Amino acid sequence: MQFHHHGYVSTDPRVQPAAGTGLDRPDELPDEVDVLIVGTGPAGMITAAQLAQFPDVTTRIVERRPGRLAIGQADGIQARSVETFQAFGFAESIIAEAYRITEMAFWKPDPNDPSRIVRAARTPDDAAGISEFPHLIVNQARVLDYFAESMANAPTRMTPDFGYEFVGLEITQGEQYPVTVTLRHTAGEQDGQTRTVRAKYVVGSDGAHSRVRDAIGCTPHGDKAFHAWGVMDVLADTDFPDIRTKCAIQSGSGGSILHIPREGGFLFRMYVDLGEVPADDNGRIRTTSITEIIRQANEILHPYTLDVKNVAWHSVYEVGHRVTDRFDDVDVEQIGTRTPRVFITGDACHTHSAKAGQGMNVSMQDGFNIGWKLGHVLSGRAPEELLSTYSAERQVIAQNLIDFDREWSSMMAKRPEEFDSPSDLEDFYVKTAEFPAGFMTQYAPSMIIADATHQDLATGFPIGKRFKSAPVVRVGDANPVQLGHHHRADGRWRIYAFAADPSAGMNNAAPDVSALDDWATWLATDPESPVVRHTPSGTDLDSVFDVKVIYQHDHTRVDLNAVPKIFLPKVGPFQITDYEKVYATDPHVDIFAERGIDRRGAVVVVRPDQYVAHVLPFSARAELAGFFARNLLSANTSARAKESV
């Protein structure tokens, strides 16, 4: 964490100085806003937290509840989400209070007595080392609390507006605030009264029964699996030995349980198989009592017993797999003729089972994706066309999720005798680990994802996939750090320059070790450089692009006085040198070897939401400039663009 560059800070350094709309933020919901977010679930809150980093953008988030969520239904936090929490500054805090999944146990009928269950296998949760971050279990309400804290500490001092429910909207193209939203008060003296808010953009994060989705005519497509599960968060006395270990339990009777320990050391969640649901059930299965759910759990756990002492929460649900036909208000026949004004995220556009721990995780990536894009457009950094990439990118990911979840849910519902091999379930869990962990997402080429022309220069940073961190040593203070952990959710692009190794000769030709210095000089001074072209005058050199260098040798051999100035920018009102952008290889883990980086050097470009956008050689200056010319406006036109949005 960096601070003091704006002057001495004696209070909590996580609280950023108020700026822009945060200087005189009105307590009451204003009549006109840049972005109105509907719903304070994970998707809505991360969108708000990202937009809170754009001081000149007026964003408000409304919620029909009168206050914060007390008990959340979601609890699984995949490693990709923890990476995201790191970007928002609270990964360490939430890890400290969460339950950490390190292993999964698989219980099956005893071959000698199928009425009893026995432990058949134990599987490490991340045997392949997909991420340095853990797989966590923590109440959804606490996730929302952390995002609320991030919003409140941001320059805009954003807080949710509770007690408003969405009623409807109308779009009038051509106006400065084209979306007119009707809201109804749900609490207080004005309970039941309606009011309107005009917005430039609206984000509907209002759940599976989204009214925003209905208002823009999006249609969910999919089906039910006609299989029901009872879920309960309970405190219980039990002799089941793996009560503090994540388990998949299959009984001889055919019933199954997905068991998940909760944070705090005592609470746990069980998804209890309630069996097939007849087509003419008409919702009767949802009236299943907690007593019946507990009875079923005890039957499945035999010979072990479960004496439930306290029920924190319970519900019954049927697995449904649905994806909407689009994630914004632009009909298929309108694509290319106008840019979207209304977006939907999370459960509003994709629903599935809860057992793969994907709902909250994928929803947050929806919000991260649209959040930085709205911030760029509204602050004048990027053209409106950027917003069309949201639906194009996230709908594909949602469909991939549905396909995966359909297979996983089907396997969890199978009877033991229906598997081809006794180890099929655990084999599937291990084989597909990268997907539920959140790391299979790979965006296709677009205005913000380049073609893989130079992918061979950094094979461990696949273009379109998230930037996978690795250890390095920060030269200025000799601290070993994770390179990716310094990518904050501040709306900036990252450009990583991996320097050439002077000894890495190829075909009897020594590498051009001056290539980095020449490239760095071009990046800092040439009118065609993206840094020069897209950084507004009067702002810090790194206000749009966070440019870092990683040298291949030991940190003691790096002379900071010889490092190009683009990597040592002067920042803040006092223009003090930032020494935290110069790195060297870790003596224990060589990032060049770990990530397949060409010893002759390479440039890796990373989007504000941590996805690799481009890989290039130092010589491809025009290509780098051309890439950013597609997705950013020049600093000379950004102010006019902001006024027109």
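**Entry 1: a loop residue with positive phi**

I took helices (H or I, at least four residues) and strands (E, at least two) as DSSP runs, numbered from the N terminus. The model I was reading is a predicted one. With the elements named in this way, I placed Asn 282 in the loop between β15 (268–276) and α6. I noted that the phi of Asn 282 is near 55°, a positive value in a residue other than glycine. I also looked up its accessibility and found Asn 282 exposed, with a relative accessible area of 71%.

I then turned to Gln 610, which has a positive phi of about 80° although it is not a glycine. Pro 303 lies in the loop between α6 and β16.

**Entry 2: aromatic rings**

I searched the whole structure for aromatic pairs, and the count came to 24. In one of them, Phe 240 and Tyr 304, the ring centres are 5.6 Å apart and the planes stand at 70°, so I wrote the pair down as edge-to-face. This pair links distant parts of the chain, since Phe 240 is in the loop between β12 (220–238) and β13 (246–250), while Tyr 304 is in the loop between α6 (290–301) and β16 (306–324), 64 residues apart. Phe 240 counts as buried, at 2% relative accessibility.

I looked next at Trp 493 and Phe 627, which also form an edge-to-face pair, with 6.0 Å from centre to centre and 85° between the planes. Here 134 residues separate the partners, Trp 493 being in strand β21 (residues 493–498) and Phe 627 in helix α13 (residues 621–631). I found Trp 493 buried at 1% relative accessibility, and Phe 627 buried at 1% as well.

Two further ring entries followed. Phe 85, Phe 88, Phe 90, Tyr 146, Phe 147 and Phe 368 form one aromatic cluster. The charged end of Arg 466 sits over the ring of Phe 439, at 3.7 Å from the ring centre.

I traced an open sheet of seven strands, which run in the order β20-β19-β25-β22-β21-β26-β27 with mixed pairing. At its edges I found β20 (479–482) and β27 (612–616), each with a single partner strand, so one side of each has no neighbour in the sheet. Ignoring direction, neighbouring strands of this sheet are turned by 30° against each other on average.

Within the sheet I followed β19 (residues 471–474), which three bridges join to β25 (residues 582–585) in an antiparallel arrangement; Val 473 stands opposite Ala 584 in β25. I then checked α13, which packs on the sheet and touches β21, β22 (545–551), β26 (602–606) and β27. The direction of α13 makes about 160° with that of β27.

**Entry 3: cysteines**

How many disulfides does a search of the whole structure find? I found zero. For Cys 349, which is in no disulfide, I noted that the nearest cysteine sulfur, that of Cys 218, is 8.3 Å away.

Notes
Residues numbered from 1 in each chain as written. Predicted model: local features only at pLDDT ≥ 70, side-chain atom pairs only at ≥ 80, totals over all residues. Heavy atoms only, no water. Phe/Tyr/Trp six-rings, centres within 6.5 Å; stacked < 30°, edge-to-face > 60°. Buried < 20%, exposed > 50% of the residue type's maximum accessible area, 1.4 Å probe, protein only. Lys NZ or Arg CZ within 6 Å of the ring centre and 35° of its normal. Pairing = 2+ DSSP bridges. Axes fitted to C-alpha atoms, helices over the stretch in contact; angles between N-to-C directions. Contact = heavy atoms within 4.5 Å. Disulfide = S-S within 2.5 Å.
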